[in-house]
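The sequence and the coordinates should be kept at hand throughout.

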Amino acid sequence: MKTEKIILGIDPGTSIMGFGIIKVVGKKMEFVQMNELLLKKYDNHYLKLKIIFERTIELIDTYNPDEIALEAPFYGKNVQSMLKLGRAQGVAMAAGLSRQIPVTEYAPKKIKMAITGKGTSSKEQVALMLKSLLNLKELPKNLDATDGLAAAVCHYYNSGTKVGGKNYTGWAAFVKQNESRIKKS
């Protein structure tokens with residue numbers, strides 16, 4: 001009997017959230033869907049977060065993923081951008097955790113390494129490798145969708161290992177692994 005699971009990969013962002021979905025049957029990976037949520041047209045940051053949460057819940061309810069892989073924010077010089085990106089990642093993570101779906105974060109270099117074998121690969125190189133790996137007919141205009149798909153494929157390649165990143169199976173696991181971040185009253 002073949003095992004089957006669905007992996008939802010998300011590249012969180014407050015301008016564009018990319019996502020990709022793969023199905024794993026036995027040891028074979030199959031492309032299901034990839035797209036992006038365009039958020040540039042919204043001025044209100046909190047509205048963007050609400051839309052990210054709702055779209056992630058919609059993806060979960062539609063595709064019933066068994067696991068979610070998120071691209072972790074990379075450390076940049078702009079603190080405001082990092083804060084916004086972290087919030088986007090947080091609401092996507094919260095959506096998965098609210099449905100009891102295990103969430104794993106991967107650093108951008110880890111994802112690039114899993115897909116191309118080189119942690120410094122460009123978005124274009126990652127997209128072209130995914131096109132080849134998953135027999136995609138064409139690539140999207142914005143490569144945020146392929147970044148989300150890359151997170152899912154990276155998770156597939158790292159299944160069964162704890163090397164990939166931080167893994168949360170629910171709110172209790174998140175709190176336990178992040179006690180230093182919890183404000184005590």
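A salt bridge is taken here to be a side-chain nitrogen of Lys or Arg within 4 Å of a carboxyl oxygen of Asp or Glu. The model is a predicted one, and Arg99 forms such a salt bridge with Asp61, with 2.9 Å between the closest N and O atoms. Arg99 belongs to the loop between α2 (79-98) and β5 (103-106), while Asp61 belongs to helix α1, so the pair ties together parts that lie 38 residues apart in sequence. Because its relative accessible area is 38%, Arg99 counts as partly exposed. Asp61 is likewise described as partly exposed, with 43% relative accessibility.

The structure holds six salt bridges, and another of them joins the side chains of Arg55 and Glu58 at 2.7 Å, N to O. Both Arg55 and Glu58 lie in helix α1 (residues 45-63), where three residues, about one turn of the helix, separate them. The relative accessibility of Arg55 is 22%, and this residue therefore counts as partly exposed. For Glu58 the value is 44%, which also places this residue in the partly exposed class.

Next comes the salt bridge between the side chains of Lys123 and Asp144, which meet at 3.9 Å, N to O. This pair links distant parts of the chain, for Lys123 is in helix α4 (residues 123-133) and Asp144 is in helix α5, 21 residues apart.

One aromatic pair is counted in the model. Tyr156 and Tyr157 form this pair, which is tilted, with 5.4 Å from centre to centre and 50° between the planes.

Which strands pair with β1, and in what sense? With β2, β1 pairs in the antiparallel sense over eight bridges, and in this pairing Ile7 stands opposite Ile22 of β2. With strand β4 (residues 67-71), β1 pairs in the parallel sense over four bridges. Within β4, Leu70 is the bridge partner of Ile10.

A hairpin of four residues joins β1 to β2. The loop between β1 (4-11) and β2 (16-25) is also the place of Thr14. Thr14 has a relative accessible area of 14% and is therefore buried. Which residues does Thr14 touch, if those up to four places away in sequence are not counted? They are Leu39, His45, Lys48, Lys84 and Ala88.

The whole protein can now be described. There are six helices and six strands, and from the N terminus on the elements run β-β-β-α-β-α-β-α-α-α-β-α. Of the 185 residues of the protein, 46% count as buried. Among contacts with a separation of 6 or more, 62% are made by residues 24 or more positions apart. The accessible surface of the protein comes to about 10,400 Å², and 54% of this area belongs to carbon and sulfur atoms.

Key:
Residues are numbered from 1 along each chain as its sequence is written. This is a predicted model: local features need pLDDT of at least 70, side-chain atom pairs count only at pLDDT 80 or more; totals for chains, interfaces and linings use all residues. Side-chain values use heavy atoms; hydrogens and water are left out. Rings of Phe, Tyr and Trp (its six-membered ring) pair if their centres lie within 6.5 Å; planes under 30 degrees apart count as stacked, over 60 as edge-to-face and the rest as tilted. Helices (H or I, at least four residues) and strands (E, at least two) are DSSP runs, numbered from the N terminus. Buried means under 20% relative accessible area, exposed over 50%, partly exposed in between (1.4 Å probe, protein chains only). Contact means heavy atoms within 4.5 Å. Accessible areas come from the Shrake-Rupley method with a 1.4 Å probe; for residues, only the protein chains shown count as cover. Two strands pair if DSSP finds at least two bridges between them.
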